[in-house]
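Colleague: I have some questions about this chain, and I would like each answer to end on the value or name I ask for.

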Amino acid sequence: MGKDSEAFHQSLQLVGGSTVRHEGSLSYELVPPRQMGPEAPPLLVLLHGGGANEGDLLGLVPYLDPRFQIAAARAPHRVEAGAYSWFRTTFTAGGPVVHEGQEADSRKALATFIDGVIARHGADHRRVFLLGFSQGATVALSLALTVPRQIAGVVAIGGRMLREVLPSMASAARVAGLPVFVAHGIHDDVVPIGRARATREFLRGLGLELAYREYPSGHQISAQALTEIAAWLADRLDAPPRRAAAPDAADR
């Protein structure tokens with residue numbers, strides 16, 4: 001890692017520090033829009049990885065579009081002091097095994113959380129985006145594919161698609177055209193690149209508006225990835241809000 005890259009990653013850890021709030025069963029930090037427009041602001045929900053907390057991704061804020069109202073959510077399951085997870089994972093010889101009950105509960109909590117944040121802070125319900133890293137990326141994909149009515153776009157960095165979520169997925173008509181940006185490091189030793197490529201092939205089959213990028217990095221958010229992610233999100237804000245299909249019965 002060169003000096004420029006080291007300085008970049010240090011800067012991601014030094015920005016942030018707003019007041020912790022509570023909505024539903026989740027705690028979060030809120031960053032108001034740095035650039036206000038005539039309409040309600042779009043909402044970007046940051047979802048940290050396993051073993052981190054709501055402050056972990058706040059260092060991304062200066063690099064993202066200033067029109068966003070940003071809510072950095074804390075996962076509901078405490079691992080240790082200052083460390084939380086969206087679900088427990090047991091690593092076995094056959095591969096990682098997810099605690100399905102915790103994962104489903106986290107998705108439900110996030111869905112309720114998003115509705116509450118929109119109502120409390122006046123965000124635009126048509127322009128809600130998720131940005132997740134590692135386990136947070138996995139949860140972001142799961143939520144978007146099971147409750148797509150809430151989501152205008154997803155950025156999933158260093159995560160994967162869970163097979164455990166497939167029975168709960170919304171219909172093809174509901175997820176078709178959903179904008180998704182998947183970013184993954186080729187040298188990722190936590191979530192191997194093969195899992196990202198399998199996720200890519202699965203998502204392609206759903207008819208999403210998919211952008212998939214690989215970077216010469218490990219399990220991290222590189223400067224190159226962040227630059228491209230920020231541009232992608234800004235482009236989504238400049239486009240008309242996505243028109244969702246009629247809700248599934250389970251979505252009502």
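Modeller: One definition before we start: helices (H or I, at least four residues) and strands (E, at least two) are DSSP runs, numbered from the N terminus. The model is predicted.

Colleague: Where is Ala 75 placed, and is Ala 75 buried or exposed?
Modeller: Ala 75 sits in the loop between β4 and β5 (77–80). Buried means under 20% relative accessible area. The relative accessible area of Ala 75 is 2%, so Ala 75 is buried.

Colleague: Which residues does Ala 75 contact, leaving aside its neighbours within four places in sequence?
Modeller: Ala 75 and Ala 52 are 23 residues apart in sequence, with their C-alpha atoms 8.6 Å apart. With neighbours within four places in sequence left aside, the contacts of Ala 75 are His 48, Tyr 84, Ser 85 and Trp 86.

Colleague: With which side chain does the side chain of Glu 54 make a polar contact?
Modeller: Glu 54 belongs to the loop between β3 (43–47) and β4 (69–73). Its relative accessibility is 7%, so Glu 54 counts as buried. Beyond four places in sequence, Glu 54 is in contact with Val 20, Glu 29, His 48, Ala 72, Ala 73 and Arg 74. The polar contact, at 2.8 Å, joins the side chain of Glu 54 to that of Arg 74.

Colleague: How are α2 and α3 oriented to each other, and why?
Modeller: Helix α2 (residues 100–121) packs with helix α3 (residues 135–146) at about 70°, and their axes are 10 Å apart. Angles of 65 to 115 degrees count as roughly perpendicular. The two helices, α2 and α3, are therefore roughly perpendicular.

Colleague: How do the residues of the contact of α2 with α3 divide?
Modeller: The crossing of α3 by α2 is right-handed. On the α2 side the contact is made by Glu 103, Arg 107, Leu 110, Ala 111 and Ile 114, and on the α3 side by Val 139, Ser 142, Leu 143 and Thr 146. These residues divide into two charged, two polar and five nonpolar.

Colleague: Is Ala 183 buried or exposed, and at what relative accessibility?
Modeller: Strand β11 (residues 179–185) includes Ala 183. Not counting residues up to four places away in sequence, Ala 183 touches Ala 156, Ile 157, Gly 158, Arg 213, Tyr 215 and Ile 229. Ala 183 counts as buried, because its relative accessibility is 1%.

Colleague: How far apart in space are Ala 183 and Ala 211?
Modeller: The two residues are 28 residues apart in sequence. From C-alpha to C-alpha, Ala 183 and Ala 211 are separated by 8.4 Å.

Colleague: What is the relative accessible area of Ser 217?
Modeller: Ser 217 lies in the loop between β12 (209–215) and α6 (223–238). Beyond four places in sequence, Ser 217 is in contact with Gly 185, Ile 186, His 187, Asp 188 and Ser 222. Ser 217 is buried, because its relative accessible area is 11%.

Colleague: How does Ala 176 count, and at what relative accessibility?
Modeller: Ala 176 is in the loop between α4 (172–175) and β11. Among residues beyond four places in sequence, Ala 176 touches Leu 206, Gly 207 and Arg 242. Ala 176 counts as partly exposed, because its relative accessibility is 40%.

Colleague: What share of the residues of the chain count as buried?
Modeller: The chain has six helices and twelve strands. Of its 252 residues, the share that count as buried is 54%.

Methods:
Residues are numbered from 1 along each chain as its sequence is written. This is a predicted model: local features need pLDDT of at least 70, side-chain atom pairs count only at pLDDT 80 or more; totals for chains, interfaces and linings use all residues. Side-chain values use heavy atoms; hydrogens and water are left out. Axes are lines fitted to C-alpha atoms, for helices over the stretch in contact, and angles run from 0 to 180 degrees between N-to-C directions. Angles under 35 degrees count as roughly parallel, over 145 as roughly antiparallel, 65 to 115 as roughly perpendicular and the rest as oblique. A crossing is left-handed if the near helix is turned anticlockwise from the far one by less than a right angle, and right-handed if clockwise. Contact means heavy atoms within 4.5 Å. Ala, Val, Leu, Ile, Met, Phe, Trp, Tyr, Cys and Pro count as nonpolar, Asp, Glu, Lys and Arg as charged, and the others, Gly among them, as polar. Buried means under 20% relative accessible area, exposed over 50%, partly exposed in between (1.4 Å probe, protein chains only). A polar contact is a pair of N or O atoms within 3.5 Å; within protein, one must be able to donate a hydrogen and the other to accept it, and residues adjacent in sequence count only if both atoms are side-chain atoms.
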